[in-house]
Amino acid sequence: MHCIETKNLTYRFSEKDIVLNNITLLVPSGSIYGFLGPNGAGKTTTLRLLLGLLKKQVGSIWIFGKPFTKNRIEILRNVGSLIESPSLYSHLTAVENLNLLQKVYQCPPARIPEVLSLVGLANTGNKKINQFSLGMKQRLSIAVSLLNNPSLLILDEPTNGLDPNGILEMRELLKKLNRENGITILISSHLLSEIEKLVTHLGIINKGNIVFQGTLDELISVQQQTSHIVIETNNNIKAIQLLKDSIPSIRQEQEKIILPMKSKNEISLINQELMKDGIEVFEISIHKQDLESIFMNLIENNDSKISS
């Protein structure tokens, strides 16, 4: 079952300014779904539509298997969110901030120490929010989003402005919430490198269009398809002539031989064949694109399709 499903979701600020173009999102229940794209791609607009902060124009939104329009209040009771900057009273403590919101959410007062413990802020005592680090403020914002004990968390760039340690802390917190509390998490970002160690599923958006959607493993398989073997010898021309019958796609680039990915046994046999023919092999290496490069290639390919 999908926790979130949208079909043909389209949104425009004007006739010519299309922000979202027939977006279909499929967020599996129990997943950590990374919603990725460059700044201005349409991520925040999508999240605002999912939360009812913008009025839907075209398409449908289903959350928890129910149409959002007809079940808005019921659905939002089970959703926690953090969109853009956290809204906190800087002159109050963490407990005082949560006391105010606990009355709004009408949840049990006992929930306050529970969520503070979950995010690692149980011992902040009388410390005011204006004395908190950015990482602590972000964790408190997550605590606010957890007050109503949600089944779904929607987070917009929660690692923005955090140092490497803060990013690591946020990643481990979200993994824990997903693993131990079974919360489905939809998290937006513009940097794949920040969340590739966190998510189970991905949706990549660019200029209002989905350019990839699937599991992290499926994106890694794209990486494997673009990987290749690099060989350096003392006689590349002779080596290519020797191997081209069995490997038709073999080629030379910048004084090195390029051929498709092979198994370890196949690489060993190629090496033996070259050496048997008197060719000295200086280097055999595997070239893999990192996931961030694949992300950028998907974005650039989408840009070229739009411009053409």
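How many bridges join strand β8 to β9? Five bridges join strand β8 (residues 152–156) to β9, and these strands run parallel. Two strands count as paired if DSSP finds at least two bridges between them. Helices (H or I, at least four residues) and strands (E, at least two) are DSSP runs, numbered from the N terminus. Within the pair, Leu153 stands opposite Ile185 in β9. The chain crosses from β8 through helix α6 (residues 164–181) to β9, and this β-α-β crossover is right-handed. A crossover is called right-handed if, with the strands pointing away from the viewer, the path from the first strand over the helix to the second runs clockwise.

The model is predicted: local features need pLDDT of at least 70, side-chain atom pairs count only at pLDDT 80 or more, and totals for chains, interfaces and linings use all residues. Residues are numbered from 1 along each chain as its sequence is written, and side-chain values use heavy atoms, with hydrogens and water left out.

Strand β9 (residues 184–189) has another partner to consider. Strand β4 (residues 32–36) pairs with β9 in the parallel sense over five bridges, and Leu36 stands opposite Ser189 in β9. As for cover, six of the six residues of β9 are buried. Buried means under 20% relative accessible area, exposed means over 50%, and partly exposed lies in between (1.4 Å probe, protein chains only). Both faces of β9 are covered: one side carries Thr184, Leu186 and Ser188, the other Ile185, Ile187 and Ser189, and all of these are buried.

Helix α7 (residues 192–195) holds Ser193. Ser193 counts as partly exposed because its relative accessible area is 33%. The C-alpha atoms of Ser193 and Leu291 are separated by 7.6 Å, although these residues are 98 residues apart along the chain.

Two residues lie between the strands of the hairpin, and Lys207 in the turn has a positive phi of about 50°. Lys207 is partly exposed because its relative accessible area is 47%.

Another positive phi is found at Phe64, with a value of about 55°, although Phe64 is not a glycine. Phe64 lies in the loop between β5 (58–63) and β6 (66–67). With a relative accessibility of 21%, Phe64 therefore counts as partly exposed.

Helix α1 (residues 43–50) is mostly covered, with six of its eight residues buried. The buried residues of α1 are Lys43, Thr45, Thr46, Leu47, Leu49 and Leu50. Just after α1, Gly52 takes a positive phi of about 75°.

β12 is mostly covered, since five of its six residues are buried. This strand pairs in the antiparallel sense with strand β14 (residues 256–260) over four bridges. Six bridges join β12 to strand β15 (residues 281–287), and these strands also run antiparallel. Val230 has a bridge partner in each of the two neighbours: Ile258 in β14 and Ser285 in β15.

Is His228 buried or exposed? His228 counts as buried because its relative accessibility is 18%. Not counting residues up to four places away in sequence, His228 touches Ile258, Leu259, Pro260, Met261, Ser285, Ile286 and His287. Contact here means heavy atoms within 4.5 Å.

The last topic is the largest pocket, with a volume of about 690 Å³. Of the 22 residues that line this pocket, Leu76, Val79, Ser81, Tyr105 and Asn148 are the closest to its centre. On a 1 Å grid over the protein atoms alone, a pocket is an open set of points where a 1.4 Å probe fits, with protein on both sides within 12 Å along at least five of seven lines, and lining residues have an atom within 4 Å of a point. Grid points are joined across faces, edges and corners, and the volume is the space filled by probe spheres set on the points.

At least two residues of the lining come from each of α2 (72–76), β7 (79–82), α3 (94–105) and α5 (134–146). The largest share, four residues, comes from β7. By class, the lining has 13 nonpolar, eight polar and one charged residues. Here Ala, Val, Leu, Ile, Met, Phe, Trp, Tyr, Cys and Pro count as nonpolar, Asp, Glu, Lys and Arg as charged, and the others, Gly among them, as polar.
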